Amino acid sequence: MSAQEIVFENVSKFYGDVLGVNRIELRIPPGLTSIVGPNGAGKSTLMNLMCGLIHPDRGEIRVLGISPRDPERLMRMTGYATQFDAAPRWATGFDFVVSSLLLFGYSSSLAERLAWAALEQAGLTDAARRKVNSYSKGMRQRVRLAQALAHDPQVLVLDEPLNGLDPVVRAETIALFRQLAASGRHVILSSHVLQEVDVISDRVVLMANGMIVAEGDIRGVREEIHEHPSQFLIRCRQPARLAALLFERAPVAEARVIEEDGALLVLTRDRNVFTRTLTALAASGLDIESVVPADENVHALYEYLVGGSA
Amino acid sequence: MTARFRLRQALVIARLEMKRVFLARRSLWIYALAMLPAVLFLGHAIQLRYELREARQGGVVAPAVIETVETGMSEQQVLDVAGKPGQDRERTIRRSSRREEQGKEIFETREVRTRRMIYFDGSRRAYLWFEDGRLQSKDVRTLLNFAEDQEVYAGVFQYFYLRLAIFFGCLGIFLNLFRGEMMDKTLHFWLLAPARREVLLAGKFLAGWTAASVVFSAGALVAFAAMLWPHIGAGAEAYWQGAGAGHAARYALAAVMGCAGYGSLFLAASLWIRNPIVPAAVLLLWEASSGFLPELLQKFSVLYYLQSMCPVPAPLEQDVPALLRLILAPAAPLSPTLALLGLCAFSALVLWGAAAGVRRIEINYSTD
């Protein structure tokens with residue numbers, strides 16, 4: 001198994017009779033990976049398995065070559081911001097982060113310095129001396145992020161990290177994730193708000209009913225599902241004429257003229273033939289302003305894959 | 001990672017946990033339980049000291065004087081022997097009597113002059129009851145009986161403190177270490193630390209043991225001091241300089257080791273069984289029956305070792321009902337050193353079992 005990847009090999013987890021995840025085969029390289037799916041899809045189970053909070057009933061997991069059953073080594077290089085909202089009653093934000101750092105064996109002074117740095121990264125220095133129990137949902141989210149970040153882990157696992165954040169903090173947090181991923185770390189986050197991850201992720205893992213329904217970079221995932229039509233939005237001066245020409249020359253399943261926008265929404269089963277045809281029509285003098293894939297976002301993919309709205 | 005590093009981690013965990021255990025609102029009843037004997041002994045001591053002060057104010061006679069006084073003596077004879085009593089009260093009462101005369105019941109009432117004198121010899125009070133100038137009865141009550149107080153303390157310590165207070169106190173403290181955090185949904189904080197699960201177990205056990213030991217040994221020592229208090233100036237100093245300090249230390253040690261024994265059992269139970277109340281009830285029965293278990297099985301009872309650490313055997317009255325006698329009867333005693341080593345080995349064995357439990361623990365808040 002690669003020491004640079006997070007590897008799931010035929011991993012299954014059941015909670016009694018209830019399926020958590022089933023037969024997961026997954027390799028996650030460095031970069032920003034989003035695990036996407038509706039509630040109950042198995043995202044948190046996958047993350048909890050990765051960090052050793054639960055153990056698989058079948059299969060094997062390795063995080064950069066380390067078993068999650070070895071928390072002593074695993075958690076030294078992994079930070080996990082869980083979705084669990086409760087914090088120890090005694091803890092202020094600062095105590096919460098410092099306490100976890102002390103368990104790494106850092107001296108008090110170093111732990112305090114690292115804690116302040118992490119709290120600053122999470123934008124929480126002003127509220128650091130308040131009890132976590134008195135924090136708003138967004139602040140609790142950020143203090144968990146600070147705790148996960150504080151020891152500068154190689155693998156950062158974040159369960160719904162953008163929940164409850166206001167737009168400014170959300171933008172800052174996303175920028176931080178990108179920066180961490182760009183530095184060669186594994187940043188793995190989960191979300192059921194699909195629009196927020198397709199913009200920031202290097203790759204996505206789509207889950208439904210405890211199984212992975214697709215994985216890879218967004219375009220790659222889209223390529224995997226040939227049987228589903230691709231959707232393009234074309235802006236041009238004569239959308240009705242273009243629609244007629246496309247029906248004649250390309251495998252178009254559906255075309256809809258959007259008069260007010262001067263646009264045509266096309267559904268095709270073969271994007272290669274379609275794009276070649278469109279290029280030929282443009283070259284023949286048809287005035288085409290722009291062509292935009294209309295379904296290369298995770299939401300659309302997800303709808304295709306699981307056959308319902310996410 | 002070195003053993004030294006792991007030990008440091010366990011100490012950090014213990015330090016963080018101790019704050020939670022000591023300051024938890026749900027621990028308040030444990031403090032009350034631990035201090036209950038101290039409150040009772042303190043109350044008894046205050047009452048005794050009040051009675052002693054009152055008795056001493058009336059004067060003290062030699063103990064032999066009380067022995068000299070016998071029923072049938074006249075008031076004057078008693079006054080000649082014993083002098084002026086500490087308390088003296090005279091009054092006249094009307095006494096009715098019935099007799100039969102020629103088949104008829106006749107009721108008669110006559111006036112009787114009574115007098116009650118109380119003498120105090122420094123530890124005993126003699127209540128003398130006179131009717132019509134003659135001593136009718138002599139009731140000698142011991143106010144200060146050190147041996148009896150020591151026995152009472154031994155009884156309270158072994159029958160209440162070890163069997164119930166420490167048992168239920170540890171149930172409250174040690175169940176909360178993992179199960180309580182599972183209920184509060186905060187256990188993941190610890191499981192995400194870069195520490196072996198066994199280190200986490202050791203740290204939490206250390207926190208619970210320290211907290212329980214401080215609370216219960218302090219409770220035992222305060223109660224012991226309260227037991228001694230009224231006897232200061234009447235033998236307590238000599239006792240303390242002789243065996244007393246050792247006795248106090250052995251009671252405190254028994255409390256500390258009781259916390260280790262019961263604590264390890266409840267910690268293990270909380271890791272293996274979702275609802276540990278049923279096993280706690282079974283354990284209570286098991287401990288209660290330790291006195292009449294076969295010798296081999298007695299070794300698997302915490303009480304077996306604890307009773308052997310106590311310096312004074314607990315009293316067991318003859319008129320105690322048979323079933324209760326069976327429950328209260330102590331097991332065959334061990335030497336205190338063997339008892340200490342045995343309980344250490346027993347607790348270590350239970351914690352070894354708990355380590356297997358903590359390795360398999362999973363965060364599943366929704367079902368707990």
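Ile234(A) stands opposite Leu264(A) in strand S12(A). This is a predicted model, in which local features need pLDDT of at least 70, side-chain atom pairs count only at pLDDT 80 or more, and totals for chains, interfaces and linings use all residues. Residues are numbered from 1 along each chain as its sequence is written, chains are lettered from A and ligands numbered from 1 in the order in which they are written, and side-chain values use heavy atoms, with hydrogens and water left out.

**Chain A overall**

- Chain A has 11 helices and 13 strands. Helices (H or I, at least four residues) and strands (E, at least two) are DSSP runs, numbered from the N terminus.
- Of its 310 residues, 54% count as buried. Buried means under 20% relative accessible area, exposed over 50%, and partly exposed in between (1.4 Å probe, protein chains only).
- Take the contacts in chain A between residues at least 6 apart in sequence: 67% of them join residues at least 24 apart. Contact means heavy atoms within 4.5 Å.
- Chain A exposes about 13200 Å², and carbon and sulfur atoms supply 48% of that area. Accessible areas come from the Shrake-Rupley method with a 1.4 Å probe.

- Ala263(A), Leu265(A) and Leu267(A) point one way. Leu264(A), Val266(A) and Thr268(A) point the other way, and all are buried.
- In a regular strand the side chains alternate between the two faces of the sheet.
- Strand S10(A), residues 230-236, runs antiparallel to S12(A) and is joined to it by 6 bridges. Two strands pair if DSSP finds at least two bridges between them.
- Strand S11(A), residues 252-258, is also antiparallel to S12(A), with 6 bridges. Here Ile258(A) has Ala263(A) as its bridge partner.
- The hairpin of S11(A) and S12(A) has 4 residues between the strands, and Gly262(A) takes a positive phi near 65°.

**Strand S8 of chain A**

- S8(A), residues 203-208, is largely enclosed by the rest of the structure, because 6 of its 6 residues are buried.
- One side carries Arg203(A), Val205(A) and Met207(A); the other carries Val204(A), Leu206(A) and Ala208(A).
- Strand S3(A), residues 31-36, runs parallel to S8(A) over 4 bridges. Thr33(A) is the bridge partner of Arg203(A).
- Strand S9(A), residues 211-216, pairs with S8(A) in the antiparallel sense over 5 bridges. Met207(A) is partnered by Ile212(A).
- S8(A) and S9(A) form a hairpin with 2 residues between them, and Asn209(A) in the turn has a positive phi of about 50°.

**Open sheet in chain A**

- 3 strands make an open antiparallel sheet in the order S2-S1-S4. S2(A) (18-28) and S4(A) (58-63) stand at the edges with a single partner strand each, so one side of each is left without a neighbour in the sheet.
- Neighbouring strands of this sheet are turned by 25° against each other on average, direction ignored. Axes are lines fitted to C-alpha atoms, for helices over the stretch in contact, and angles run from 0 to 180 degrees between N-to-C directions.
- S1(A), residues 6-15, is joined to S2(A) by 7 bridges. Tyr15(A) has Val18(A) as its bridge partner.
- Helix H1(A), residues 43-50, packs on the sheet and touches S1, S2 and S4 of chain A. Its direction makes about 115° with that of S1(A).

**Helix H10 of chain A**

- H10(A) has 13 residues, 271-283, which should span 18 Å at 1.5 Å a residue; its end C-alpha atoms are 18 Å apart, which agrees. The expected span is 1.5 Å times one less than the number of residues.
- Arg271(A), Phe274(A), Thr277(A), Leu278(A) and Leu281(A) are buried. They cover an arc of only 125° around the axis, which puts them on the same side of H10(A). The arc is that of the directions from the helix axis to the C-beta atoms.
- Turned away from the buried side are the exposed residues Arg276(A), Thr279(A) and Ala283(A).
- Gly285(A) follows H10(A) and has a positive phi near 110°.

**Chain B**

- His188(B) is found in helix H6(B), residues 188-191. His188(B) is buried, with a relative accessible area of 6%.
- Not counting residues up to four places away in sequence, His188(B) touches Leu53(A), Thr82(A), Phe84(A), Ala86(A), Ile363(B) and Tyr365(B).
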